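Welcome! Please take a look at the sequence and the structure before reading on.

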Amino acid sequence: MRNFPGKKVGVKIYNRIRNKILKIKAKRLYPDFDNYIFELWAKNFGHCLELACLKRLEEICQITKPKLIFEFGSGVSTVVLAKYAQENNCRIFTFDEEFKYLTRAYNNANRRYKTNNITFIYSPKNYKDFLENLEPNKKIDLLIIDGPTTNRYNEAAKNFYYKFISAGTTCVIDDTDREETNREAAKIAQMNSLKKVDYKDAFYSQFHQYSILFPKEIKEI
């Protein structure tokens, strides 16, 4: 079937109206959410963590005060972390297989916040080379795995998770509506005695799910 110019225009108008309705609904649900991050979420709707997940991530940072954060999959969540890092002593490593997404996350974060304590790492193949970024026996305080890409669950990545996650690590794992991702999240939780809490997405679809693995001493957020 041929794509006619009128069809493309119609799709653009539909998306513009849909985005506007979406923003009104989300603003009503989260009136106090940071406006800059909110606008980035609305602009990248469908390609970033769900809004409630971003808000929970922000609250987790404020409650647990993580010192060492690893993020696999840069995006709007990176800006949330940059906001936290602005006033808290921490070290953040954010990885992405796509250079354009990594650059976009850096620009979005740097436009509003200082990024000197964030290391942006382009990792097109796997993560095994970045084990050297951590001291021996060092454990991650907060881990975000955003998205179901193969590289984020290959053997090198999983070995990384198994080695540096502990019973004191909070893990935010997106797309656990996918069987493989959910199975991996459950395994990480079981290995480290973490509580796995599943959340349904209010905006993307009724099927989308993300999970947060909480240390036992942390209440569900």
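Let us begin with a pair of charged side chains: Glu58 and Lys83 form a salt bridge, and their closest N and O atoms are 3.1 Å apart. Glu58 belongs to helix H3 (residues 51-64) and Lys83 to helix H4 (residues 76-85), so this contact ties together parts that are 25 residues apart in sequence. The two partners can also be described by their accessibility. Glu58 has a relative accessible area of 16%, so it is buried, while Lys83, with 28%, is partly exposed. Please keep in mind that the model is predicted.

**The overall fold**

Stepping back, the protein chain has seven helices and seven strands. Along the sequence they follow the pattern α-α-α-β-α-β-α-β-β-α-β-α-β-β. The protein chain has 221 residues, of which 50% count as buried.

How many salt bridges does the structure hold? There are eight. Three of them are set out here.

| Salt bridge | N to O distance |
|---|---|
| Glu58 and Lys83 | 3.1 Å |
| Arg152 and Glu97 | 2.8 Å |
| Lys158 and Glu184 | 4.0 Å |

Take the bridge between Arg152 and Glu97 next, with 2.8 Å from N to O. It links distant parts of the chain, 55 residues apart: Arg152 sits in the loop between strand E4 (142-145) and helix H6 (155-164), and Glu97 in the loop between strand E2 (91-96) and helix H5 (99-110). Both Arg152 and Glu97 are buried.

The side chains of Lys158 and Glu184 also meet in a salt bridge, at 4.0 Å from N to O. Lys158 is part of helix H6 and Glu184 of helix H7, so the pair ties together parts that are 26 residues apart in sequence. Lys158 is buried, and Glu184 is buried as well. Some salt bridges share partners, and in this way Asp96, Glu97 and Arg152 are joined into one network.

Why does Glu184 count as buried? The reason is that its relative accessible area is 8%, because buried means under 20%. The C-alpha atom of Glu184 is separated by 9.6 Å from that of Ile173, and these residues are 11 apart along the chain.

**Cysteines**

A search of the whole structure finds zero disulfides. Cys48, for example, is in no disulfide, and the nearest cysteine sulfur is that of Cys53, 9.7 Å away. Cys48 has 6% relative accessibility and so counts as buried. Cys61 is in no disulfide either; the nearest cysteine sulfur belongs to Cys90, at 7.7 Å. With 1% relative accessibility, Cys61 also counts as buried.

**On the surface**

Which residues gather in a patch of positive charge on the surface? They are Lys43, Lys100, Arg104 and Arg111. Lys43 is found in helix H2, which spans residues 35-43, and its relative accessibility of 73% is why it counts as exposed.

There is a nonpolar surface patch too, made by Ile13, Ile17 and Ile21, with an area of about 280 Å². Ile21 lies in helix H1 (residues 5-29). Ile21 has a relative accessible area of 54%, so it is exposed.

Terms used. Residues numbered from 1 in each chain as written. Predicted model: local features only at pLDDT ≥ 70, side-chain atom pairs only at ≥ 80, totals over all residues. Heavy atoms only, no water. Patch = residues over 30% accessible without salt bridge, like charges linked within 9 Å, V, L, I, M, F, W, Y side chains within 5 Å. Areas by Shrake-Rupley, 256 points an atom, 1.4 Å probe, with all protein chains shown as cover. Lys, Arg positive; Asp, Glu negative; His and termini not counted. Charge placed at Lys NZ, Arg CZ, Asp CG, Glu CD. Helix = DSSP H or I, 4+ residues; strand = E, 2+ residues; numbered from the N terminus. Buried < 20%, exposed > 50% of the residue type's maximum accessible area, 1.4 Å probe, protein only. Disulfide = S-S within 2.5 Å.
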